[in-house]
Structures are given as structure tokens and as C-alpha cells.
Amino acid sequence: MKIAIIGAGPGGLYAALAAARENIRVDLFEKRKVGEGIVCGECIFDSLGIMARPGRGLLHPVDEIVMKCRRDYTFPLSRLRKLWMLDRRIWQQELANLARSRGVVIHENAKITQARLRQMQKEYDWIADASGAPSVTSGLYQFSDEYFKEYLLAYQVLLAGDFSALAPRIKVAFFSNLPSELQPAYYWIFPKDAGQANAGVVCTVRGTLNRDRLDLKKLLADVLLAEGLAAASVLEKGGGIGTSRLLPHLVYDNIILVGDAAGLTSALHGGGIDMACLSGVLAVQAVIGGSKGIAAYEKKLKRYMRDKLALEKVTIRKMRTLSFDQFDDLLSGVTSASKVARLKTALCHPDMLYATIKWLGKKKDVPEWPV
Ligand SMILES: Cc1cc2nc3c(=O)[nH]c(=O)nc-3n(C[C@H](O)[C@H](O)[C@H](O)COP(=O)(O)OP(=O)(O)OC[C@H]3O[C@@H](n4cnc5c(N)ncnc54)[C@H](O)[C@@H]3O)c2cc1C
């Protein structure tokens with residue numbers, strides 16, 4: 001079997017490594033150089049509790065999140081769900097080196113156009129499109145609008161400053177002044193070390209974006225001012241979308257969608273690295289499995305995601321329907337050191353308790369990671 005992969009992001013690289021392990025011939029095409037042009041908070045949230053600890057490129061594990069609503073609350077991470085701060089450039093370059101050493105041919109500065117994709121469909125048995133959103137395939141098969149029905153819009157900067165008071169923790173703060181239709185909406189400060197941090201803002205957009213009502217650059221400038229970071233130097237900046245709805249179809253003739261191209265970013269927090277890696281591995285298993293494998297790809301992804309999606313849905317509903325004070329009470333309750341306060345909060349929000357128990361409780365099959 002011979003497969004082509006479009007995109008050397010986490011999804012494409014994990015797919016390449018998984019395919020190389022099966023002795024499949026792999027050509028991976030990346031429009032830039034591997035590791036370049038990444039716009040990301042660079043924090044992996046192992047939202048299913050199945051990821052292996054990253055190797056080279058790992059900066060440090062994160063044990064606590066500071067969540068800000070009216071006040072700051074410290075949220076300890078359980079041993080069941082991990083967070084890791086990464087240098088994604090180094091991490092992805094290392095994965096690419098490993099893939100090369102296993103025989104994957106990586107073509108850098110090789111942008112795949114729609115015409116080239118059509119040609120590739122004849123040259124390869126399968127193509128894994130991990131080109132992000134909107135994907136190359138969506139241009140060819142004309143479904144790009146699927147990515148924009150409901151999505152997260154984000155803008156971020158890499159700052160040089162003093163983050164010693166926060167690191168190695170990360171901070172997530174909810175916007176009180178934005179309307180419910182833009183929720184989830186929050187800003188983040190993710191220190192890479194004591195002297196550098198990714199800081200950004202993210203909001204949900206449903207349907208047409210009203211740029212007069214939503215100016216993310218201004219929103220971030222206000223945040224940095226309020227956080228006392230206005231004087232920090234901006235080293236890099238950029239934005240992007242999070243494709244928070246699984247696409248209705250994940251296979252187009254001999255093309256299979258992976259990662260953001262498949263719509264696998266979290267609608268709650270916009271993180272998608274873990275799902276990109278997982279879908280890369282599952283996509284390769286699917287093509288190896290022939291027509292049965294392909295038919296099972298979407299089902300497998302949904303099975304992995306079911307409990308996570310249920311909890312995200314409940315949480316998003318709370319963010320949209322509770323007042324800011326009520327949401328603050330909820331955060332205060334779940335992060336309280338007092339068992340009684342936590343129990344009281346749980347009884348007030350049984351839907352959330354039930355979804356959390358299901359999400360944390362059931363042991364997931366750990367896929368055979370290729371790294
Ligand atoms: C501002 C922002 C912050 C984020 N922060 C986080 C975070 O902290 N944690 C987290 O888990 N997720 C985060 N995400 C989401 C995360 O970046 C994505 O979910 C993840 O990168 C998806 O991986 P992927 O491999 O599917 O796609 P990508 O990482 O987008 O990789 C796609 C690759 O394809 C290449 N490509 C595109 N078009 C072509 C083409 N035509 N030909 C060849 N190559 C092509 C691109 O150059 C790129 O290398 C963030 C997103 C944004 C926008």
C-alpha cells in the first residue's frame with residue numbers, strides 16, 4: 001500500500017508514524033518547513049486520558065490551572081487527565097525526524113493544490129488529509145462551509161516578560177462582558193517558562209461573523225493591559241479557527257480526513273492536538289482494514305469522544321445560561337478545598353456531576369501509539 005499525507009501537523013505526523021510502523025510507503029507533503037508557522041497555545045490537554053507523555057519538545061507538565069471568573073480559583077489536575085506545555089516546533093521536528101528514520105519521505109515547501117490532490121488520488125491508494133481547516137479536500141469537494149457553521153475564533157501572541165508568578169501553572173479566564181452566543185469565550189496565559197508565554201483570546205462564532213462586534217485584537221490588548229502585561233514584548237502573533245464540529249463525512253473517495261480537517265477541535269476549549277494525534281493513528285488503522293475499517297473510522301472516533309463531548313456540552317450550556325455570578329459560584333464550588341462545598345455544588349449541578357463521573361470513570365482503550 002502507498003499513502004500520501006497532507007500536512008506535517010500533529011495529525012499528519014502521527015498518521016505517518018503509524019503507517020511507517022505497518023511498512024506502508026508514505027509520502028508526506030507539507031506546504032512550509034516542518035514546525036514552521038505554528039500558531040498555538042502549545043498546551044496538550046490529554047482530554048481522553050490516553051496520550052503518552054511527549055518526548056523531545058516537552059517543556060513541563062502542568063499540575064494546576066488558575067481559573068479566573070470573579071476571583072481566581074486553582075484547579076488541580078487529577079492523575080487521570082494530563083496537561084503538558086510543549087515547544088511544538090521542536091516536538092513536530094522530532095516526530096518528523098523519527099518518521100524519516102522509519103522510511104517516510106517528507107516533502108517540505110510542497111503545497112498541495114486541488115488539482116494536485118485530484119492527480120494524487122490516482123497515484124496513491126489512500127490520502128490522509130491533515131491539512132487543518134479548511135482542508136484541501138474541502139476545496140475540491142466543496143464543503144468548506146461545513147467548518148464555519150459553528151467554530152472557535154482565536155488570536156494569540158507569544159510574549160517575552162516576567163511570568164515567574166504563574167509558571168509552571170497556566171491561566172484561563174472567562175469573559176464576563178461577552179454575550180452568551182459568543183460563549184465559550186475566554187483568554188489564556190500559558191507560560192512556556194518564567195520568561196515567555198503564549199497569551200490569547202478565543203470566542204465561539206455561529207454563522208456569520210460580525211467583525212464590528214468582535215475585535216479579537218482589541219480584546220487581547222485590553223486583557224494584556226488588565227493583566228499588567230502591556231509592556232511585554234510581542235515575539236510572534238497570529239490567529240486561527242477551531243473546527244468544533246465533527247464533519248458529517250470523513251471519507252471522500254480515497255481521501256480520509258484527520259485532525260482539524262475532520263472537525264476535531266474541542267468546542268469548549270479549542271484544544272485539538274490530542275484528537276489530531278488519535279485520529280491520525282485511527283485513520284491508518286482504517287485504511288489497513290479495507291472497507292470495513294473505513295466504515296468503522298467515524299464510529300471509533302465517536303466512541304472515544306462520547307463522554308468528553310457530553311461533558312463539554314453540559315459545561316457549554318452552563319456558560320451560556322448561568323449568570324456570571326452563578327458561574328463563579330460553580331467554579332468556586334468545584335475548586336473548593338472543603339468536601340462539603342464540593343458536595344453542595346455537585347448536588348446543585350447533577351448533570352455536570354454525572355457527565356464528569358462518566359468522563360473520568362470509564363477506562364478507554366489506549367491505541368497503539370507509534371511513538
Ligand atoms: C490560536 C490557537 C491556539 C491553539 N492552542 C491550542 C493548545 O494550546 N492546545 C491544543 O491542543 N490545541 C490548540 N489549538 C488547536 C490546535 O492547534 C489544532 O487542533 C491542531 O494543530 C490540529 O492538528 P492538525 O494536524 O489537524 O492540523 P495543523 O496543526 O493545523 O497542521 C496542518 C498542517 O498542514 C499544512 N498544510 C496546510 N495546507 C496545506 C497544503 N495545501 N499542502 C501541504 N500542507 C498544508 C500546514 O502548514 C500545517 O503544518 C489552537 C489553535 C489556535 C488557532
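**Exercise 1. Work out how the span of helix H2 compares with the expected value, and say what covers its buried residues.**

Solution. Helix H2, a DSSP run of type H or I with at least four residues, covers residues 88-101, and its 14 residues reach 20 Å from the first C-alpha to the last, close to the 20 Å expected at 1.5 Å a residue. That expected span is 1.5 Å times one less than the number of residues. The structure is a predicted model, in which local features need pLDDT of at least 70 and side-chain atom pairs count only at pLDDT 80 or more, whereas totals for chains, interfaces and linings use all residues. Residues are numbered from 1 along each chain as its sequence is written.

Next come the buried residues, those with 20 or more other C-beta atoms, placed from the backbone, within 10 Å of their own. In H2 they are Arg88, Trp91, Gln92, Glu94, Leu95, Ala96 and Ala99. What covers them includes H1, strand E2 (25-29), strand E7 (83-86) and strand E8 (105-107), a strand being a DSSP run of type E with at least two residues. Finally, H2 is followed by Gly103, whose phi is positive, near 100°.

**Exercise 2. Decide whether Trp126 is buried or exposed, and find which residues it touches.**

Solution. Trp126 lies in strand E9, residues 126-129. Because 23 other C-beta atoms lie within 10 Å, Trp126 is buried. Not counting residues up to four places away in sequence, Trp126 touches Ile3, Asn254, Ile256 and Val287, where contact requires C-beta atoms, placed from the backbone, within 7 Å.

**Exercise 3. Identify which residues touch the most other members of the largest nonpolar core.**

Solution. Such a core is a set of buried Ala, Val, Leu, Ile, Met, Phe, Trp, Tyr and Cys residues joined through C-beta atoms within 7 Å. The largest has 96 residues, of which Ala15, Ala16 and Ile256 touch the most other members. H6 gives the most to this core, with 11 residues. Leaving aside neighbours within four places in sequence, the contacts of Ala15 include Ile5, Ala128, Val258 and Val284.

Notes:
Buried ≥ 20, exposed ≤ 12 C-beta atoms within 10 Å, placed from the backbone. Contact = placed C-beta atoms within 7 Å.
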